[in-house]
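Please keep the structure in view while reading.

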Protein chains: 2
Amino acid sequence: MAQLLIKNIHMMDGGRKDILIEEGRFSQIEEAGKVRIETDRVIEGREHIVMPGLCNTHTHAAMTLLRGIGDDLELKRWLKEKIWPLEARMKIEHIKAGMELACLEMIKTGTTLFNDMYFMESDCVPLVDRMGIRAILGEGFIDAFDEHLEKEKRAETEKVINACASCSSGRIRPSVAPHSAYTVSEDGLGWCRDLADRHGCPIHIHISETGKEVKDCIRDHGSTPTRYLEDIGLLGPDVIGAHCVHLTDEDISIMKSREVKISHNPISNMKLSVGDILPMRPLMEKGVTITLGTDGAASNNSLDMFQTMKFTALLSRQRYGVSSIGAKRVLEMATRAGYLSLGSDGGEIKVGRLADLILLDRNHHSLVPDNDNISNIVYSCSSSTVGYSIIGGEIIMEDGVVNREREIIQNARKAASDLLSGDEGS
Amino acid sequence: MAQLLIKNIHMMDGGRKDILIEEGRFSQIEEAGKVRIETDRVIEGREHIVMPGLCNTHTHAAMTLLRGIGDDLELKRWLKEKIWPLEARMKIEHIKAGMELACLEMIKTGTTLFNDMYFMESDCVPLVDRMGIRAILGEGFIDAFDEHLEKEKRAETEKVINACASCSSGRIRPSVAPHSAYTVSEDGLGWCRDLADRHGCPIHIHISETGKEVKDCIRDHGSTPTRYLEDIGLLGPDVIGAHCVHLTDEDISIMKSREVKISHNPISNMKLSVGDILPMRPLMEKGVTITLGTDGAASNNSLDMFQTMKFTALLSRQRYGVSSIGAKRVLEMATRAGYLSLGSDGGEIKVGRLADLILLDRNHHSLVPDNDNISNIVYSCSSSTVGYSIIGGEIIMEDGVVNREREIIQNARKAASDLLSGDEGS
């Protein structure tokens, strides 16, 4: 793999560096002018700021196709009358078009690694790989307490694992993705745990998103979702728990002792009015790892992680006070913590790490003046400042342009129109 | 003034139109292909969506220069140790550089009218006018209960009124801007009311931003800020009250009966942790006019009204439920309601209205698919989709480019660096 040299680049904390990437990892980071290497691949960084690529730890990528559908309806009506009927009609061509649009959107807004849970994921592996983005793909495992469905979902989950195994770039890895404690049988959850152990995959699951979910779990199992999942042996350091809004003190202790990683989805939680916010302060006090996610575009309605950073900081400040969280801490959640939680050694501009990085246009109004780059990135920066995306040392966006952009946009618009044309309710 | 024809443009609610602008106002809006006029000034709208320009009803524009300074400090320390000392050192060249950056940022993010309160505003009139944006400028009137200061501030306020009177474009109008009930004497507030009546200017004032402000007002005047301002005769339909977070039921009734216009600043309120949110539901139930603002860049840290729309919708949904507010209603707050509250007949794509409009790139990922353009605009749209800004029929941004952009960015960076270089505390 070729070398890539980024010269004279502005660092987040001030100063200018030369950054050399070899074999997909950072190999030298020195004062500007100090790396003297003959290489064809050079980016002049004088007008850019470098930062780690963002990690989106919870999304349903192909739902971009359902963006903006019925979103002022109450949750139950929204799902029953709009989302579920449309999902039932989705064919692989819809999924692919939605997935490509999602990858494009994530690349353009600075995400370099995402953790996905949706349907027909095995068919998406080559497509996501071709986009150049890094991803963890998991088939949404919902058995609805039905043996036949459980069997089907086992097969789909294994198909994703096999598809990823035959993906030579190493950028796409599988997860096991049981949807939640309320949609998957104990048998199904147990099978998921075993499979994850066997293949060393992360487990991606929704936990305690709404108050109703917790209430129902107590009714059905006599305990909260966290306690229930702990009791049946599902929890561990390889688990990404999405949402985790309604947690008891005991739940938080369990999360800590099992080293479960939280995916905080502030925008989706607010939009769906889940009834509370992530208990950021107690989780931070306990030292539980918090990462950030957008959720699907149907409940956000964007996959923009810059927005998610701003919402994260502001929700915490609103609830717990101005000093409750620093911009640096939020940025760390969106980068290094996310990468580590997915077992990936990126999210940091440091020698030896995966070379997943983005370059921001330092002359964009939202980054001016540069009194504090990290504050600007969290509180002010528009995602449209992202000019370059480099993943594993490969340039996948150059000067704001991604391969096949126009085609992806047109395909997505056509696929959505086709999907909705049968929707008499809309 | 020349005609401007926008052909084949996508409307927010679907369909395509031709839009003719004459004398700075919309003169014809017809089905695409129906307006047959020979004119040199034509924009082909096939790849754009048209919407009214956004109205930012509360900001301190020149504070862009202080973006990102000490923003993780507690409010009191932030003001005392960072903001106030820097403001005390601000010279007219700093103010101008900050104001130009703010105008650039607002134009690029779709704002066509803003309501400003800051210092040395009279000197900014020609500069803001040259940018082509529409604005209401008011000298921040703080007398700190000091007669000498009050006299100074009276003079400054009158200077702004005179400067606007000599601005021939008609785009820049003055306001009278008493900062708040806790920083201006009763005498000063009375003078402001009289001046506003004499000149037909709006009054721009902070009301009940924090709990402390309300508590102190009750201690000092025996009533809430709203009740106090009502009792001394300040309130009326020409008053824009910024923040209005901590309101009693009586306050809300007063706002309604006096037809005070609220400027809701959700992002700043969260960032500064003011202790609550705007009582959106009771205000809407009473029928009080709600408009949207960003506040200054030091407490946001952006002037992006698309972000403000998203925060507005999500805060309401979080507090009051999913159906508490529709995307259309939020958009109306950010456009028509804002314009009307400032006595300006824009904010709507309609024959006869001021031709203040923006064109969005419909092929931007954040607007695809176009299942629902209004939902996309409120929940998904990046402000970087704004390709054209047209104010009073004049094109002030074309294909994403504003005049003198580079120069404005460089001046702002230089001015901030100059201002901060004397800041030993930073």
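## Helix packing

In chain A, α4(A) passes α5(A) in a right-handed crossing (the near helix is turned clockwise from the far one by less than a right angle). Helices here are DSSP runs (H or I) of at least four residues, numbered from the N terminus. The model is predicted: local features need pLDDT of at least 70 and side-chain atom pairs pLDDT 80 or more, while totals for chains, interfaces and linings use all residues. Residues are numbered from 1 along each chain as its sequence is written, and chains are lettered from A and ligands numbered from 1 in the order in which they are written.

Helix α4 (residues 147-165) and helix α5 (residues 186-199) of chain A pack at about 15°, with axes 11 Å apart; the axes are lines fitted to C-alpha atoms over the stretch in contact, with angles from 0 to 180 degrees between N-to-C directions. The two helices are therefore roughly parallel (an angle under 35 degrees).

## Chain contact

In all, 49 residues of chain A are in contact with 48 residues of chain B (C-beta atoms, placed from the backbone, within 7 Å). The largest share of the chain A side, five residues, comes from α15(A).

## Symmetry

A rotation of 180° with 0.0 Å of shift along its axis superposes chain A on chain B, with RMSD 0.0 Å, by least squares on C-alpha atoms of residues with pLDDT of at least 70 in both. This is the relation of a two-fold axis. In chain A, the C-alpha nearest the axis belongs to A:Ser384, 3.1 Å from it.

How values were computed: Angles under 35 degrees count as roughly parallel, over 145 as roughly antiparallel, 65 to 115 as roughly perpendicular and the rest as oblique. Two residues are in contact if their C-beta atoms, placed from the backbone, lie within 7 Å.
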